Amino acid sequence: MDNLEAITQAITRRSGVFAPHAIIAADFNVSRSDNENRAKLNSAENVLLHVMETSESDGYYLLVSSHDERKVIAELGETGIIEKIISADEEISSLPGGYVYGGHISGKKSQVDRVYSRINSLNFVSGQEQAYFDWDYEKLSQRFYALSRFLSKRITPDFQSTSINWPIADNCEWICYFCPESLLPLRLYTLDEAKSSLSEIARFLERFHNGMHDRFEIFPNANDITAFLAFPQRSANGKIIPYNKAKEEGIFVADPIELVVALKQTLPKSEKRKIGTFLNPATFMRVVNDFEKIRPVLEDRFAQSPYANMFQPSLFRSPEKYFSTLFSPGGINRLYLGIEILDDFFAREVLGKPVTEVEKLRAIDYLLRDTRVEKVKLIVQYGFGKKIPTSAGIVDYDQILSTLERSAISLAQLTKRHNNGNSLRLTVEVSRYQPVEGTKMHQLRQRPEFTDYPDAEREAYLAREEKIFTDAFRGQWKHALRFDYHYALPIDAFRN
Ligand code: SF4
């Protein structure tokens, strides 16, 4: 085993990242026993490792190896922008959300410049990759300033701009107590409206990511992609019409398959892209179960599509056929299901999302068994507080803990059952509940019967709840479970 292979394996274990991966830059020509030139040795042992296709963010790790120890000193995303700078055993600088759109890098100039100068001192195997790291503090500041001026409310890239919201609908048909989306009525876009937001994304990519388009994840942002099938027409005043009234006068909303075709045509380099969107298990199962009734409306609707000749009439033969086309590897290949918690009482009474456990499990089984979807991510929440009033009385903390535990154990059994060998089709993403002003749950928290965590002990309470999940998933592949602390932060908090 040569040095490169050895360090790759060491770091792979250290960061919990599994193959496939590739080293894109390394210089390991100096032997460890070359004590005559320590400086040369240290500099030679900087390595940049590119990790791809993990369920955590893909990207680059800048590593240093001294004597027997190998350490990650910086994590960078797919576009080469620093996410985290780490020194020795502790993280010394994390460049958080505020850095994204606001154009400030919070006084870490020397660290940022040092990381890029280290990377650029390495010998790259590919000139193209070197361009990804052509940054320094000043350039990054200017880039984020320009980005914050360019962005509209419509398209919102993530920190690295590798994942971009593509708006195809506003709001949601559901009224979950915790969700700001539920405050206004659902409005699904027509194909022309969806194409117009797609053009804005194309302009964004052209201006800020020239030459790197193929690295992006596009996120068609509908709070339920299958709502387009449940409500295929929209009246002139924007009100949605259920499919059983769809023969009435109305404007057609986009069909999800049309959306995928429009995306591929506008951004042709998207072949290998991740395309992910939300799915509500209840709406999805309603469409699956009612497919026979919906089919004539969909066929009529699709016959008028500019893309009708690209598909066989058999597209609508069965829900399996339709969804296998929509969720094919070249179509929408990642689905995010808002599971929240696997407990009917808690879901209905506390979260105001009356989707039953049976509906959730059926939707997951159906997706993984009967469609070709590559990945399903289940979004789960915790961190609701200590005592919660409901119509059936107060839910106390012991009940909350045991509800979380039951839910975590069921979810862990589910991932175990569906993920075999190296395949990780089903994963769980756990988010801390964030109270958003104006929501029903925020109002519920103002009631005197509600008890929040004591401020000084908040983190300890949350850690205890997180442990319930890590315990339940013990023994499974690390990436079957992921904590996402930033999930519910309102995007406006990042704007200047
Ligand atoms: S949580 Fe999902 S289903 Fe509920 S209102 Fe929000 S977007 Fe809609």
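Modeller: A crossing of two helices is right-handed if the near helix is turned clockwise from the far one by less than a right angle, and left-handed if anticlockwise. Keep that in mind here. The model is predicted.

Take helix α7, residues 191-208, and helix α9, residues 256-266. Their axes come within 10 Å and cross at roughly 30°. Angles under 35 degrees count as roughly parallel, so α7 is roughly parallel to α9. The crossing of α7 and α9 is right-handed.

Now the residues. Helix α7 brings Leu191, Ala194, Lys195, Leu198, Ser199 and Ala202 to the contact. Helix α9 answers with Glu258, Leu259, Ala262, Leu263 and Thr266. Sorted by class, this contact has seven nonpolar, two polar and two charged residues.

Last, the strands. Strand β16 (residues 375-382) pairs with strand β19 (residues 426-432). The two are parallel, with seven bridges. Tyr382 stands opposite Arg432 in β19. Strand β19 is also joined to strand β20, residues 481-484, by four bridges. That pair runs parallel too. Here Ser431 stands opposite Asp484 in β20.

Technical notes: Residues numbered from 1 in each chain as written. Predicted model: local features only at pLDDT ≥ 70, side-chain atom pairs only at ≥ 80, totals over all residues. Pairing = 2+ DSSP bridges. Axes fitted to C-alpha atoms, helices over the stretch in contact; angles between N-to-C directions. Parallel < 35°, antiparallel > 145°, perpendicular 65-115°, else oblique. Contact = placed C-beta atoms within 7 Å. Nonpolar A, V, L, I, M, F, W, Y, C, P; charged D, E, K, R; others polar.
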